[in-house]
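Load the model in your viewer and get your selection tool ready. We will go from stop to stop together.

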Amino acid sequence: MSAPSSAIQSTLVENRVFEPSDATVKAARISGMDAYNALCAEAEQDFEGFWGKRAREVLTWHKPFTKVLDESNKPFYKWFEDGELNASFNCLDRHMGTPVENKTAIIFEADDGAVTKVTYKELLAKVSQFANALKARGVKKGDRVVIYMPMTIEGVVAMQACARIGATHSVVFGGFSAKALQERIQDAGAVAVITANYQMRGGKELPLKAIVDEGIAMGGCESIKTVIVFQRTQTAVNMVAGRDITMADAMAGQSTDCPAEMVGAEHPLFVLYTSGSTGKPKGVQHSTGGYLLWANLTMNWTFDLKDSDVFWCTADIGWITGHSYVAYGPLAAGATQIVFEGVPTYPNAGRFWQMIEKHKCTIFYTAPTAIRSLIKAADTDEKVHPKNWDLSSLRILGSVGEPINPEAWMWYYKHVGGERCPIVDTFWQTETGGHMITPLPGATPLVPGSCTLPLPGIMTAIVDETGNDVANGAGGILVVKKPWPSMIRTIWGDPERFKKSYFPEELKGYYLAGDGAVRSADRGYFRITGRIDDVLNVSGHRMGTMEIESALVAKSDLVAEAAVVGRPDDLTGEAIVAFVVLKRPLPTGDEAKAIANELRNWVGKEIGPIAKPKDIRFGENLPKTRSGKIMRRLLRSIAKGETITQDTSTLENPAILDQLAKTN
Ligand code: WT7
């Protein structure tokens with residue numbers, strides 16, 4: 001384990017505390033710290049009993065489980081294994097014949113502002129009809145289906161329909177490139193792709209189907225038998241005869257009744273690719289029972305969901321947040337939710353606030369990077385400041401994806417929440433399936449910048465490099481000491497990598513989150529200090545530095561060597577900086593600019609626009625030790641623009657540090 005000490009040092013002291021109001025505490029599901037502590041104690045005393053009870057309460061089982069947790073093959077934990085259920089049944093059918101049946105499930109607002117609403121009953125009919133269409137196209141239980149769709153009702157329908165027939169979906173974010181899509185199709189061995197002709201974002205029509213065609217044409221995707229295309233816009237796209245069909249044609253004539261296929265609790269509901277510390281993304285495999293239990297329960301606990309709430313999570317379905325808190329959690333919990341197609345800055349940076357007012361949103365869940373960009377916009381243009389809208393419907397705010405800096409927290413609290421709404425700063429990961437460390441709105445006193453305390457049943461701790469607990473106030477490695485129901489089950493097709501990445505031997509079998517953290521001396525509150533591995537967090541999205549390096553060196557006519565590091569960025573949290581050695585003399589001036597642009601576009605094509613380096617620096621070499629190891633710590637300093645004060649005597653050629661310090 002190599003944890004750079006800088007990543008785990010505590011540098012920030014925050015003294016402000018915001019207690020929940022008496023009224024909030026009184027009305028909350030988990031009411032006050034005593035109630036929270038009682039739940040934690042219940043989980044401590046009878047771990048399996050605690051989870052078994054919740055799984056019976058929160059989910060509808062077709063066949064009840066007899067055993068809660070199987071630990072016989074660590075770390076391949078199994079939860080509720082002999083139980084049977086269906087995730088889509090639990091999100092839709094279960095509400096039929098209850099008052100939720102005719103409640104609005106989704107308020108969809110398109111990029112252009114057009115609003116479409118569906119009730120739970122209507123959504124069930126759509127999902128069933130599309131599930132029948134999938135079956136008619138030969139998709140069956142156990143198959144993998146790649147979904148490459150915009151934020152739409154149809155995107156949620158596609159995910160739910162897969163779940164309904166027991167097919168394992170793998171959603172690929174619409175911002176990923178043809179190459180990234182191809183790699184995921186291949187790795188998952190998918191039989192079908194569900195996509196849209198185009199997506200609308202910020203008034204622009206952006207292609208999806210053409211990228212699917214390009215990805216499949218790259219080869220190795222022979223497993224794909226069918227491509228289903230949702231026609232989001234009127235523009236025609238190329239359709240391959242025999243392989244491609246529109247969503248409307250596929251659904252035509254299909255029954256709106258499709259009994260849900262019951263699956264074992266451990267059946268893989270989905271595989272979602274995320275970046276790790278190697279060049280190859282990891283297919284994080286999630287279960288059906290344990291995953292859905294936690295998606296539903298955290299809706300109720302973290303967001304204190306009430307029947308009358310209008311919930312809005314702004315995350316895309318291409319990320320885990322869009323799985324747990326758009327496609328599954330809110331539906332399992334019977335909530336009304338907003339699904340938004342567009343971007344926060346179109347037609348102007350007041351869009352979020354305008355939509356909160358218009359739909360009377362009560363719970364708003366977004367990312368710090370979005371908040372920071374909207375603060376900046378409001379600072380430069382009064383007209384898009386949240387004060388211009390009536391946000392009094394809001395009662396709870398949420399934050400996710402990266403640490404929220406206290407300044408952004410305060411602005412969010414004051415100008416969006418009207419100093420009335422608790423902010424739940426939810427720490428979790430693709431691998432954890434749902435929230436891990438977060439305040440509870442009706443219990444936890446809030447400290448800006450801290451995700452506070454673990455949820456009941458979640459055994460997080462901070463340890464040193466040998467797995468021993470560190471004292472509060474001292475930084476260390478964030479681990480989870482016991483398994484939990486919604487945890488990652490394996491890396492698709494690579495169980496060895498799963499074991500190595502998440503359960504390193506020296507950590508006593510604890511789950512390694514990959515983040516550094518520190519607990520406050522007074523309250524024991526957690527504060528996440530950032531990744532301790534080679535993973536960056538750019539606008540709340542995870543990017544592996546090795547993945548970007550592999551993409552750069554794949555441009556083999558130009559690039560000899562590349563090293564990628566992060567540097568702090570006011571808006572995006574971290575920004576990507578690439579240091580590149582070319583297979584030609586060191587470029588300068590316009591030539592350097594042109595090559596940097598070419599490489600940026602290349603990375604955009606290899607991975608996706610989100611992976612494009614902000615800065616590219618050229619050198620005749622990289623700073624290396626005598627044994628040839630790249631000194632990333634030096635690169636990080638250069639990227640930040642710091643003067644190098646560290647000992648550079650071991651470097652082959654210290655002069656390259658000056659070369660690398662030049663921006664293009
Ligand atoms: C990484 C996971 C969780 C869904 C979105 C990102 C960082 C996430 C917080 C938070 C501090 C956070 C961590 C984590 N992170 N939430 N509230 N405070 N850091 O999922 O792409 O799997 O990334 O995001 O570094 O390990 P992801």
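Is T152 buried or exposed? T152 is buried, with a relative accessible area of 2%, where buried means under 20% relative accessible area and exposed over 50%, using a 1.4 Å probe and protein chains only. This is a predicted model, in which local features need pLDDT of at least 70 and side-chain atom pairs count only at pLDDT 80 or more, while totals for chains, interfaces and linings use all residues. Residues are numbered from 1 along each chain as its sequence is written, and side-chain values use heavy atoms, without hydrogens and water.

Keep T152 selected: it lies in the loop between β6 (144-148) and α6. Beyond its neighbours within four places in sequence, T152 is in contact (heavy atoms within 4.5 Å) with F108, F230, R232, V339 and E341.

Now select Y502 and Y511. Their ring centres are 5.6 Å apart and their planes at 10°, so the pair is stacked; rings of Phe, Tyr and Trp (its six-membered ring) pair if their centres lie within 6.5 Å, and planes under 30 degrees apart count as stacked. Y502 is buried at a relative accessible area of 3%, and Y511 is buried too, at 1%. The structure holds 39 aromatic pairs.

For a cluster of rings, pick F47, F50, W51, W61, F65, W79, F80, W294 and W301, which form one aromatic cluster.

Last stop: charges over rings (NZ of Lys or CZ of Arg within 6 Å of the ring centre and within 35 degrees of the ring normal). Select R184, whose charged end sits over the ring of F176, 4.6 Å from its centre. Then select K555, which lies over the face of W602 at 5.0 Å from the ring centre.

Definitions and conventions: Helix = DSSP H or I, 4+ residues; strand = E, 2+ residues; numbered from the N terminus. Phe/Tyr/Trp six-rings, centres within 6.5 Å; stacked < 30°, edge-to-face > 60°.
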